[in-house]
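Here are a few exercises to work through with the structure open in your viewer. Try each task before you read its solution.

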Amino acid sequence: MIRFVFFAFFLLQCFVLSMAQSIDSYLGDEATLYAQTKQVNQFFRRFNGEEGSNGQRYQLNDPDYRDAAVRKKYLQMIFDLESPYIDKTQRRDFIEQVTAKSDPLLLNFHTGDWFAEVTTRFMYYGREEKVTLFLKLEEENHGYKWVITNLFFKPFHELFINEDDGKLHFLHPLSHELDFMNLIKVFKETQKVANYAASGFKPDYLSVFLYELKRNNLTFQTVLNVKFHFFQVPGWYFELSDTQRSGPNSGWLISSLVDISEINKDDLLKYIYYE
């Protein structure tokens, strides 16, 4: 009898231990899940110190709301800690700047200086092609909407590159005296025809894109990837990407960080836009 009671007690202890381990494991997974930044709006809140790592939003009267020390702690979590494009010293300087008590810097969803880059797949004349769309928020009727501002599509880009062959292509200033009959030569050289456009001519790829869509030569297939470019923090640029991995350092994270002057900002924008 004594042996039976001891054996039953032993089984009970094993059961309790097993349950405790399961609960600990569950809570650990839950904590990891909460720590992941699963939404872009959540990234904004965590950057500004308006939400903790447990996913609970701070109220305006909460002492942690936008607190500099709390922000320093959680800003570390919204960087991709495995990214090769983030220098640790730059990350530290960036966090110190945006959490400075004298002039804290917060992200604003509606004030611009950030935009989306969306890689998509279309069918173009029977072939699968990638189209990179750039979108920004635009105010309308007391609300906001995403609008397409620019795009990169390789077939369009190739139509307008390498047109300068070193030769002069122009219409003689007396062409009007010939009723512009020399236009026949211009339109025979279709690969060089952009040379006859006004100086400063820049292809409007978005208009060409919409034209091809309306002609049913382009048909949308799917979205392949989304990321965001931020210029809201003076002197800095950073990229926000959705990084999926196990552990708390996952979700929408800052994947690259660059300190940049206003002079170099235009060059970086040209690089992003494939110009």
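**Exercise 1: aromatic pairs.** Find how many aromatic pairs the structure holds, then classify the pair formed by Phe115 and Phe134.

Solution. Start with the count: this predicted model holds 33 aromatic pairs. For Phe115 and Phe134, the ring centres are 6.3 Å apart and the planes make an angle of 65°. Pairing needs centres within 6.5 Å, and an angle over 60 degrees counts as edge-to-face, so this pair is edge-to-face.

**Exercise 2: another pair.** Work out the geometry of the pair Phe153 and Phe156, and decide whether Phe153 is buried or exposed.

Solution. Centre to centre, Phe153 and Phe156 are 4.7 Å apart, with 85° between the planes, which makes the pair edge-to-face. Now check the accessibility. Phe153 counts as buried because its relative accessibility is 1%, and Phe156 is buried because its value is 1% too.

**Exercise 3: helix H2 and what follows.** Find how many residues of helix H2 (residues 40–47) are buried, then look at which residues Arg57 touches.

Solution. Go along the helix first: seven of the eight residues of H2 are buried, so call this helix mostly covered. The buried set is Val40, Gln42, Phe43, Phe44, Arg45, Arg46 and Phe47. Just after H2, Gly49 has a positive phi of about 75°. Carry on into the loop between H2 and helix H3 (68–75), and there's Arg57. Arg57 is exposed because its relative accessible area is 53%, over the 50% cut-off. Leaving aside residues up to four places away in sequence, Arg57 touches Arg45, Glu50 and Glu51. For Arg57 and Arg45, 12 residues apart along the chain, the C-alpha separation is 8.1 Å.

**Exercise 4: the largest pocket.** Which residues lie nearest the centre of the largest pocket, and which element gives the most to its lining?

Solution. Get the volume first: about 270 Å³ for the largest pocket. Its lining has 15 residues, and His157, Lys202, Pro203, Tyr205 and Glu275 lie nearest the centre. Strand E3 (143–152) and helix H7 (205–214) are the elements that give two or more residues to this lining. E3 gives the most, with four residues. Finally, sort the lining by type: nine nonpolar, three polar and three charged.

Definitions and conventions:
Residues are numbered from 1 along each chain as its sequence is written. This is a predicted model: local features need pLDDT of at least 70, side-chain atom pairs count only at pLDDT 80 or more; totals for chains, interfaces and linings use all residues. Side-chain values use heavy atoms; hydrogens and water are left out. On a 1 Å grid over the protein atoms alone, a cavity is a set of points where a 1.4 Å probe fits but cannot get out, and a pocket is an open set with protein on both sides within 12 Å along at least five of seven lines; lining residues have an atom within 4 Å of a point. Grid points are joined across faces, edges and corners, and a volume is the space filled by probe spheres set on the points. Ala, Val, Leu, Ile, Met, Phe, Trp, Tyr, Cys and Pro count as nonpolar, Asp, Glu, Lys and Arg as charged, and the others, Gly among them, as polar. Buried means under 20% relative accessible area, exposed over 50%, partly exposed in between (1.4 Å probe, protein chains only). Contact means heavy atoms within 4.5 Å. Rings of Phe, Tyr and Trp (its six-membered ring) pair if their centres lie within 6.5 Å; planes under 30 degrees apart count as stacked, over 60 as edge-to-face and the rest as tilted.
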